[in-house]
Amino acid sequence: QWEFEVHYQPKVKLGSENIVGFEALLRWRHPVRGLISPLQFIPLAEETGLIVPIGVRTLEEACRTVRSWQLEFPMRPPVEISVNLSARQFQDRELLEHVRRILAETGLQPESLQFEVTESVLVQDPAQALEIVRELRAIGVGLKIDDFGTGYSSLSYLHKLPFDTLKIDRSFVSTMVQDHAAFEIVRAIILLAGSLGLHVVAEGVEDLEDWSLLRQLGCDFAQGYFIARPMPGDAVTDWVRAWEPRRAQLVPA
Ligand code: C2E
Ligand code: CA
Ligand code: CA
């Protein structure tokens, strides 16, 4: 019945504090049980293979929605959308056809679309993963390693695979203020990304202290409850308008 909803969490550039994009996060609006977390249904959808059609439709909806925001809020560069891909989707060669078609149908530029994949996806079938990564890059979309630091962290992927962004896992970001080891890991990932010419996004930024620390460390982008929780698409326009006064307060003097 497609009881799913795509929610959107803003991603902000540290330093200018501008909104640069959104991550699409799926929810199931169950008629009786209410809003169900993807952690509860994505593993099952993976197991049954239903994640493949669900993922295509999520991608379609996210691209169409963000294209409408680009027209409503023209920015340079245009606001972008990140979509998560799980292992099963990543192994499906038809994914490439769907991506091409969806970009053509929605009018979204490939530079405005990024995929997030975890390291575990790359480990399962590295040869196949490499091929799909290359073809996605040939289309022109961006590729991020999600939850960086929690998987196999095989550093060889970083130079073998054409990823452009590392996303530091929330488990490090949300504890870095209290936990010295977590802080050093965050710092090391930011340095590593910088020296390899990769962008770096911190997820799970929950308060001003996290925010300021990441800015000092030279992290490029941040996402988290401090900025906004994921929200339904129709709430985004109002949120964007309300961000400007908050942004002005956050920008360093
Ligand atoms: P993820 O890709 O690591 O997504 C980040 C998760 O962290 C999201 O949980 C988000 O709501 C949550 N989050 C963001 N900021 C904060 C914060 O400041 N504090 C805390 N405590 N949490 C924060 P969510 O939406 O429940 O999604 C969970 C996972 O489900 C995602 O993890 C992703 O792996 C998967 N997922 C969600 N949507 C999709 C989808 O469309 N396709 C696929 N394949 N997987 C999806
Ligand atoms: Ca993600
Ligand atoms: Ca994560």
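Helices (DSSP runs of H or I with at least four residues) and strands (DSSP runs of E with at least two) are numbered from the N terminus. With this naming, Trp2 is found in the segment before β1 (4–13). The model is predicted, and local features need pLDDT of at least 70, side-chain atom pairs count only at pLDDT 80 or more, and totals for chains, interfaces and linings use all residues. Residues are numbered from 1 along each chain as its sequence is written, chains are lettered from A and ligands numbered from 1 in the order in which they are written, and side-chain values use heavy atoms, with hydrogens and water left out.

Most residues other than glycine have a negative phi, and most peptide bonds are trans. Trp2 has a phi near 50°, a positive value in a residue other than glycine. A cis peptide bond, with omega about -5°, joins Arg76 and Pro77. Pro77 belongs to the loop between α2 and β4 (80–84).

The next subject is the ligand. A residue is near a molecule if one of its heavy atoms lies within 4 Å of it. Ligand 1 is surrounded by 24 residues, and Gln9, Arg27, Arg170, Glu206 and Tyr225 are the closest. By class, this shell has nine nonpolar, eight polar and seven charged residues. Here Ala, Val, Leu, Ile, Met, Phe, Trp, Tyr, Cys and Pro count as nonpolar, Asp, Glu, Lys and Arg as charged, and the others, Gly among them, as polar.

Several contacts can be followed atom by atom. A polar contact is a pair of N or O atoms within 3.5 Å; within protein, one must be able to donate a hydrogen and the other to accept it, and residues adjacent in sequence count only if both atoms are side-chain atoms. The side chain of Gln9 has an N or O atom 3.0 Å from a nitrogen atom of ligand 1. A polar side-chain atom of Asp146 is 3.1 Å from an oxygen atom of the ligand, and a polar backbone atom of Tyr225 is 2.8 Å from an oxygen atom of ligand 1. On its own, ligand 1 has 800 Å² of accessible area, of which the protein covers 85%; such areas come from the Shrake-Rupley method with a 1.4 Å probe, and for residues only the protein chains shown count as cover.

Where does ligand 1 sit? The space that ligand 1 takes is the largest pocket, a molecule being placed in a cavity or pocket if more than half of its atoms lie within 2 Å of its grid points. The elements giving two or more residues to the shell around the ligand are β2 (19–30), α1 (38–48) and β6 (142–148). Of these, β2 gives the most, with four residues.

Both kinds of space are found on a 1 Å grid over the protein atoms alone: a cavity is a set of points where a 1.4 Å probe fits but cannot get out, a pocket is an open set with protein on both sides within 12 Å along at least five of seven lines, and lining residues have an atom within 4 Å of a point. The largest pocket has a volume of about 1,200 Å³, where grid points are joined across faces, edges and corners and a volume is the space filled by probe spheres set on the points. Its lining has 42 residues, with Glu23, Leu25, Pro38, Leu39 and Asn84 nearest the centre.
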